[in-house]
Amino acid sequence: MRAARGGCRHRLSAVCLVGGWGVIGFGLHGLVADSSTRASLGSLRTLVLLNVANDAVAVPAAVALGWLLRRLLPAWTLAGAQVGLLASAVVLAYSYPLLGDWGHGTRAGYSRLPWDYGWHVGEVLAAVWVVSGVLMAWARRRRRRASGGGDHRSPAPTPGATA
Amino acid sequence: MDAGRRRHVTAAGRVAGRRRADWVQERASSPLHHEWVATVLGVSLGIAFALCFLTGIVDHLAQHPPSWFHLPTRPVNLYGINEAVHVLTGIASIPLLLAKLWTVWPRLFTWPPVRGLAHALERLSLLALVGGSLFQLFTGVANIDYWYSSMPFFFPTAHFWVAWLVVGGLVVHVGAKAPTAADALAVGPGSPASSVGTAAPSGGLTRRGFIGATFATGGLLVATVVGESVTPLRKLALLAPRNPTVGPASLPVNESAAQARVTAAALDPGYVLTVGGNCRMPRSFSLAALRRLPQRSAGLAITCTEGWIAPAQWRGVPLRTLLRLAGAAPDAAVRVESLEAQHRLYSSSVVDPAHIQDPDTLLALELNGRALDLDHGFPVRLIAPDRPGVEQTKWLARVIVL
């Protein structure tokens with residue numbers, strides 16, 4: 001039974017490997033051969049750069065920040081801080097081009113980008129941190145109830161622990 | 001270097017590599033770097049990417065239609081729904097992708113890095129999957145925010161072809177991880193995520209809390225953008241690149257007459273619209289002559305591939321009426337050409353017979369009860385149901401029966 005399941009898994013994996021690489025080959029061919037793509041090397045370079053930026057910069061920075069927070073913040077603030085940082089990072093990653101105002105360059109119609117995005121991003125981030133604050137307050141109350149009062153810092157971190 | 005010494009150096013390198021991998025994995029360890037978290041995020045991303053891919057294919061075919069592809073004309077908001085789903089699903093994928101990549105990052109350092117040809121191909125396909133996913137979301141956001149200078153390539157086709165890389169990488173990934181993912185879902189989040197509430201006993205987020213926060217962040221982004229597609233929610237659209245009511249005649253404009261360099265030709269009192277090509281009675285119509293023809297009103301939205309949808313009330317001459325006057329065959333297609341220089345992108349478009357025969361396909365002369373604004377295509381523009389905004393050609397000069 002287990003051997004049959006193992007064989008089935010192996011076949012699925014093999015079919016997906018061949019099929020998936022076929023689709024990747026199709027996409028690569030289109031990227032290189034489609035004359036309207038223009039500068040297909042530019043798109044491949046961007047793809048690799050984004051991959052490297054994520055794996056070598058963004059994620060290690062997030063891991064390091066998590067490691068630091070766990071050592072510096074009281075335990076009851078951690079969940080709220082994590083929610084706030086996650087949501088803020090995503091909001092800023094999305095709105096980065098809006099804040100940079102690069103869209104007002106050439107060929108920009110005047111009805112494009114109609115808002116004061118700095119202000120709006122500030123409003124959204126404020127809402128995020130209000131929610132984070134509520135989560136922190138809630139966690140603190142629960143912890144106080146559970147322990148009968150008093151403040152607690154994070155438990156002594158295990159080596160390398162982060163979130 | 002003799003063989004014995006070479007063996008010794010290779011073995012030392014292997015040990016050092018494993019130590020490096022252990023060091024990274026130990027420091028990046030967290031209850032959230034967990035198989036169940038990776039699986040839930042992966043399945044959600046898979047569904048979101050599948051939706052994005054399918055709607056993206058429709059979008060691409062609609063913008064660059066091959067001869068065999070025709071969007072139906074009904075329901076009139078079908079293309080708009082497709083675009084809104086495409087853009088909003090893409091935006092909702094941002095936190096899912098970032099959380100997923102964070103969750104599985106320690107696995108980059110598994111040792112040995114490659115365990116055979118199949119494993120090497122599977123790991124190599126991650127470049128297509130991860131790099132391609134980041135590329136799609138980055139260029140998608142850059143495009144809706146008009147940050148064209150960040151893309152040293154033609155966005156529509158690069159976005160289209162890289163989507164195939166992502167799908168290919170996804171297929172390989174599903175084949176490799178499906179059994180592990182099924183096991184992880186069967187086992188569940190385990191401790192400490194099974195504790196009720198947001199915070200784990202150590203104080204940080206539980207696994208369920210982390211998933212919930214990721215989904216909530218996606219919801220927050222969608223909520224701050226959806227108003228550009230759903231007009232009644234426009235006041236919520238704090239981070240949307242468009243407000244569907246801002247523009248001349250309360251309708252956004254992508255390219256003004258000045259930018260298209262048609263102002264003088266469009267305002268020329270001697271303007272005429274010619275109807276020619278494969279028809280029995282080629283004709284020319286002045287603006288006054290067009291206004292004397294039977295008119296029809298239609299409520300149609302301008303739907304941009306960037307995801308914004310702006311409903312409006314149009315009035316003008318049905319295209320089929322004009323073609324009947326020119327003696328065109330009822331099953332003929334036409335190409336409509338703008339006053340713009342014809343080498344410019346989207347300066348003309350082809351209208352298929354089904355759209356021509358639709359009574360709501362108009363050569364519009366009025367918008368929202370007023371004469372057509374110059375930036376909306378004065379003196380005459382095409383407006384038809386279920387066509388991308390770039391194919392609703394403005395400042396018409398010619399209608400050529402094909």
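Arg261(B) is found in the loop between helix H7 (257-260) and helix H8 (263-267) of chain B, where helices (H or I, at least four residues) and strands (E, at least two) are DSSP runs numbered from the N terminus. Arg261(B) has a positive phi of about 60° although it is not a glycine. This is a predicted model, in which local features need pLDDT of at least 70 and side-chain atom pairs count only at pLDDT 80 or more, while totals for chains, interfaces and linings use all residues. Residues are numbered from 1 along each chain as its sequence is written, chains are lettered from A and ligands numbered from 1 in the order in which they are written, and side-chain values use heavy atoms, with hydrogens and water left out.

**Interface of chain A and chain B**

- The contact, meaning heavy atoms within 4.5 Å, takes 72 residues from chain A and 88 residues from chain B.
- About 6,800 Å² is buried between chain A and chain B, 70% of it on carbon and sulfur atoms; buried area is the accessible area (1.4 Å probe) that two parts lose on being put together, summed over both.
- Between chain A and chain B the count of salt bridges is zero, a salt bridge being a side-chain nitrogen of Lys or Arg within 4 Å of a carboxyl oxygen of Asp or Glu.
- Helix H1 (2-33), helix H2 (40-72), helix H3 (75-100) and helix H4 (117-147) of chain A each supply at least two residues of the side of chain A that touches chain B, and the largest share of that side, 14 residues, comes from H1(A).
- By class, the side of chain A that touches chain B has 44 nonpolar, 18 polar and 10 charged residues, with Ala, Val, Leu, Ile, Met, Phe, Trp, Tyr, Cys and Pro counted as nonpolar, Asp, Glu, Lys and Arg as charged, and the others, Gly among them, as polar.

**Packing of H3(A) with H6(B)**

- The axes of H3(A) and helix H6 (residues 207-223) of chain B come within 10 Å and cross at roughly 35°; axes are lines fitted to C-alpha atoms, for helices over the stretch in contact, and angles run from 0 to 180 degrees between N-to-C directions.
- Residues making this contact include Val83(A), Leu86(A) and Tyr94(A) of H3(A), and Phe210(B), Thr214(B) and Leu221(B) of H6(B).
- The residues of the contact of H3(A) with H6(B) divide into 10 nonpolar, two polar and no charged.

**Local features of chain B**

- The peptide bond from Arg74(B) to Pro75(B) is cis, with omega near -5°, and Pro75(B) is found in the loop between helix H2 (35-63) and helix H3 (78-104) of chain B.
- A cis peptide bond also runs from Phe378(B) to Pro379(B), with omega near 10°, and Pro379(B) lies in the loop between strand E8 (370-371) and strand E9 (381-383) of chain B.
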